[in-house]
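I opened my notebook to jot down what I looked up, one item at a time. The entries follow in the order I made them.

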Amino acid sequence: MTNRESMLEKLADLDTQHAVAVAGGGQKYVDRHHARGKLAARERIELLVDPGSAFLELSPLAGWGSDFTIGASLVTGIGVVEGVECMISANDPTVKGGASNPWTVKKAFRAAQIAEENNLPTISLVESGGADLPTQKEIFIPGGRLFRDLTRSSARKQPTIALVFGNSTAGGAYVPGMSDYTVFVRGGAKVFLGGPPLVKMATGEESDDESLGGAEMHARVSGLADYLAEDEHDAIRIGRRIVARLNRRRTAHLGLDSGLGGTARPAAPLVEQRAQRACRNQGLAFAEPDADPDGLLDLIPADLKEPFDPREVIVRIVDGASADNGRPFDEFKPLYGTSLVTGWAEIHGRPIGILANAQGVLFSEEAQKATQFIQLANQSDTPLLFLHNTTGYMVGKDYEQGGIIKHGAQMINAVSNSTVPHLSVIMGASYGAGNYGMNGRAFDPRFLFTWPSAKSAVMGPAQLAGVLEIVAQQSAESKGEVFDAEGFKGIKDYVEASVEEQSLPYFLSGMLYDDGVIDPRDTRTVLAICLSVIANAPIRGTDRFGVFRT
Ligand code: COA
């Protein structure tokens, strides 16, 4: 099988997984929802965002591999509303009534983090049965953070808007309760701390949904609703008008036609054309990549043991040579620490520093080169892009004696304390502390996307199973027992197979360890959207790192 065939097979499977997420609770529940005259979560989003604009959906595979429906009954992503990039989150009422399970909560936290770091307004499209009752113990206490995040967002002057389409009861009532602006749909919104049965139990009072928490009541009596919408379309129209009046700088330059992100491939030439036009309006200019991004399909080996030259990836992602930037990629220290490629480029006219693994292993030279490069990016307030394909830092006597831990620590220090925005793309392997040094999830890159070819774990599955066997053997010997190598084989095979499965992109995406699995050909567009989003907040490098051990 060629590299292209192998990648296309993985991408076809990715489409299948995304289709499961888009199907929400399944046809029966979608039909029932539509029969009630209601729009589905993604339909609401599609009407909310500017016509023909991009919606960068985040973590569409959240909950993959768990007992919960893929997507975690919540759709989150960044969309352009009245020219303003906004964090949009929409409950999917076709999945368990839109109830929040542990993955929903994690996905919502991540959306709030992205809104905070990138100074985005938040629009919540609400219709949820509250906490998923069977798993309430995992949601109830940590879930309070959702409401904390909303009000802290408001305190930072990052506006919060709730469009309430349906149920928003108990704790859920605090989503509109903590939002700056609220729009309630007549006949749809139901917002109360306790429904009629609970009130009856608590106080004996007889009541009904409408008098306890209907849209009309909240608009006229309680004042919780700022706007009473006639229907769902009207609510979305009012929501757009609220954003138009926020007096926010309209920075969005990506009037893209990408369909719903993650689920549909953008039409690349159209994306480039529109983005170029929008960039020119902002005084930015850029050229298309010098090499066709489609070639990425041929480049990435089906077997990750085969190395590939990351410069071939870079030239397919970054702006091509132009009068403005001279050449597409100015490599830094090309002769030193050659297993890590570092250099400067632009994506859609925005500057970026790139660190990309070449031969897989990181040696002391690579770690020191990375440390210097990260400091330079901070000196010039330039965002950084990390392209992962690493099996980690080099092990062995010579390397330990040469100070590989110290040098890796320098790189991890630089990554941890750097304050310019970081983007990470896991192209291939991302193993061991290499994942940390290259800005893995724990190091808070602003966005982290994964290719279907990626694999990430503490080490390779075969190596891990082999280490386990050596440890078991030593343990048996220390107890004076005879090691049963034949008997251990079953355990070893099982561990290897399960680590293999747990290293794969869907599994990692399901755990919210990335912001989505993307088609390599979309990388440029996705990174361009991310850079546009990042530009909503000031970009300032630091000169304050921790102690660099020497
Ligand atoms: N936890 C777990 N499952 C829930 C749930 C919740 N909070 N709310 C709804 N579901 C499940 C239902 O059991 C049902 O499952 P099934 O189809 O497998 O039988 C499915 O979601 C759809 O619910 P249904 O009641 O048929 O949908 P609906 O659209 O008519 O009503 C609600 C949706 C949310 C209004 C209604 O289900 C409800 O009132 N749920 C409880 C709300 C609540 O009190 N939550 C606690 C707040 S902390």
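**R311 and its partner.** I began with R311, which comes out partly exposed at 30% relative accessibility. This is a predicted model, so I am reading computed values throughout. R311 makes a salt bridge with E331, and their closest N and O atoms are 2.9 Å apart. I checked where the two sit: R311 is in helix α13 (residues 310-314) and E331 in strand β8 (residues 330-332), so the bridge links distant parts of the chain, 20 residues apart. E331 is partly exposed too, with a relative accessible area of 22%.

**A network.** Next I looked for salt bridges with shared partners. One network joins R4, D294, D298, D519 and R521. For the whole structure I noted 30 salt bridges.

Which residue does R110 pair with in a salt bridge? I found D515, with the closest N and O atoms 2.8 Å apart. R110 belongs to helix α4 (residues 102-117), while D515 is in the loop between α20 and α21 (523-534), so this pair ties together parts 405 residues apart in sequence. Are the two buried or exposed? R110 has a relative accessible area of 8%, so I wrote it down as buried. D515 is buried as well, at 0%.

D149 and R145 both lie in α5 (residues 136-155), four residues apart, or about one turn of the helix. Their salt bridge has its closest N and O atoms 3.8 Å apart. D149 counts as buried at 13% relative accessibility, whereas R145 is partly exposed at 34%.

**Domains.** I looked at how domains 2 and 3 meet. Seven residues of domain 2 are in contact with five of domain 3. The area buried between domain 2 and domain 3 is about 460 Å², and carbon and sulfur atoms give 54% of it. On the domain 2 side, K455, L504 and F507 supply 71% of the area buried against domain 3, more than any other three residues.

How many salt bridges cross the interface of domain 2 and domain 3? I get one. K455 and E500 form a salt bridge, with the closest N and O atoms 2.9 Å apart. I also counted two residue pairs in polar contact between domain 2 and domain 3. As for elements, β16 (455-457) and α20 (505-510) each supply at least two residues to the side of domain 2 that touches domain 3. β16 gives the most, with three residues.

**Cysteines.** I searched the whole structure for disulfides and found zero. For C86, the nearest cysteine sulfur is that of C530, 16 Å away, and C86 is in no disulfide. A disulfide would need the sulfurs within 2.5 Å. Both residues are tucked away from solvent by the numbers: C86 is buried at 0% relative accessibility, and C530 is buried at 1%.

Last, I picked T76, in strand β2 (residues 74-81). T76 is buried, with a relative accessible area of 2%. Leaving out residues up to four places away in sequence, T76 touches F55, L56, E57, L58, I88, S89, K107 and A111.

Terms used
Residues numbered from 1 in each chain as written. Predicted model: local features only at pLDDT ≥ 70, side-chain atom pairs only at ≥ 80, totals over all residues. Heavy atoms only, no water. Buried < 20%, exposed > 50% of the residue type's maximum accessible area, 1.4 Å probe, protein only. Contact = heavy atoms within 4.5 Å. Buried area = accessible area lost by both parts, 1.4 Å probe. Salt bridge = Lys/Arg side-chain N within 4 Å of Asp/Glu carboxyl O. Polar contact = N/O pair within 3.5 Å; in protein donor to acceptor, adjacent residues only side chain to side chain.
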